[in-house]
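The sequence and structure are shown first.

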Amino acid sequence: MLTSEMIKQAALDAGADACGIGPMSRFDGAPDEMNPQFLFPEAKSVIGFVFRIPRGVQRGIEEGTQFYQYPSMAYGGINEIFAPAVLYRVGQIIEDEGYEAFVYRNTGARGVVSDMDGSPGNTLSPEEQIEVNEHAKTATAHHRSVQFTRPAREENSVAPDLQFQFRLAAVACGLGEIGWSKMLLTPQFGPLQRVAFIFTDAELEYDEMYSGKPLCRRCGACVRECPGGCIPSLNSGKKITVNLDGKICEWGDIDMWRCYAFYTHAGRYYNPFVPKEVWDKNENGSLDLMEGVTDVANEQEIMKVYTALSKYFPSWVGYNMAKCGGCIRACVSVLEKKGGCMEDRFKEPLRTKKAWKLDR
Ligand code: SF4
Ligand code: SF4
């Protein structure tokens, strides 16, 4: 008989760092276009897997010496190699017991709404879109929704490829909480992990959602260390609140478009790959957003930034180059201190000297 214990043991044996299981009913009330209940309507359980991000992949960014390991190992490596292998193995065990394993890796899937700002992608009919095809071609890459998608069934259906909120799903599996910075925090690894899931029609024993000491210390370090000012201050009132089957989850209403620009390109003082003259010149106003000339962060501004700067450090692994990670490193530094969930995890703290900043 398939049990939760069997699944969790298989997950750990295959290389996951933690595993939690929740009932699908925890997603009752989620917006349709982000509700995983629509993926596999007969599913009864969601199994969440945590894959730790080695703290060392942040070391190069912390020192200003190496920027490639974080996107390649912690995005590419986990999403494309380590996690799928675990999903595959645990899926085998579930299906050997006669249940189905709907595996859901950390995806590049794009749904009907933009995963950047939730705005709809297919506001035009396909016919109208053909007429504006040239625009659609250039708009899709950064809008990050698919343009022509529509429900495949008439009833009780949403458009593919539905993408749900991974971090809330991890909370639903009892794996942790969401911090002010919108990162998933777990008791074991703080903000350092990625997650993946299996949905199954097997009914299992479920984990309670996390109810221990709050993992986020509401310290504001992530706010202070974001080079783009993307995370609102704690007392700004700018927050998102979600009631997940009785558990209140709350985080800062981050300016995601702004983060899209700064996460990859970091800005004048934190991007050693772009010459100073490029920032000074700000040709055609392409860097207005990053230079603080405009406060408007939207898809158009992002396209200008990426067009101007992508050539200085192309994304060879298919993942945007991370030059920032400020919120993660700030959070680790805080959670390693006394009373934080990462206290005693490492012999030496992540941050041993003043953070660097280019003088220009
Ligand atoms: S990833 Fe960088 S730019 Fe984005 S919120 Fe975090 S610190 Fe700010
Ligand atoms: S840096 Fe502080 S406020 Fe921000 S998520 Fe981490 S613990 Fe919470």
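Two residues are taken to be in contact if their C-beta atoms, placed from the backbone, lie within 7 Å. The model discussed here is predicted.

## Nonpolar core

The largest nonpolar core holds 96 residues, and those that touch the most other members are Ile47, Phe49, Ala172, Phe197, Ile198 and Cys331. Helix H3, which spans residues 69-96, supplies the largest share of this core, with eight residues. In soluble globular proteins, nonpolar side chains tend to be buried together.

When residues up to four places away in sequence are left out, the contacts of Phe49 are Ala11, Ala16, Cys19, Ala83, Val86, Val195, Ala196 and Phe197.

## Two sides of helix H11

In helix H11 (residues 299-309), the buried residues are Glu301, Ile302, Val305, Ala308 and Leu309. These residues lie on the same side of H11 because they cover an arc of only 135 degrees around the axis. The exposed residues Gln300 and Thr307 are carried by the face of H11 that is turned away from its buried side.

## Positive phi values

Ala266, in the loop between helix H8 (256-265) and helix H9 (276-281), has a phi near 65 degrees, a positive value in a residue other than glycine. With 26 other C-beta atoms within 10 Å, Ala266 is buried.

Asp344, in the segment after helix H12 (326-335), also is not a glycine, yet has a positive phi of about 75 degrees. Asp344 has 8 other C-beta atoms within 10 Å and is therefore exposed, given that the cut-off for an exposed residue is 12 or fewer.

Key:
Residues numbered from 1 in each chain as written. Chains lettered and ligands numbered in written order. Predicted model: local features only at pLDDT ≥ 70, side-chain atom pairs only at ≥ 80, totals over all residues. Core = buried A, V, L, I, M, F, W, Y, C linked by C-beta atoms within 7 Å. Buried ≥ 20, exposed ≤ 12 C-beta atoms within 10 Å, placed from the backbone. Helix = DSSP H or I, 4+ residues; strand = E, 2+ residues; numbered from the N terminus. Arc of directions from axis to C-beta.
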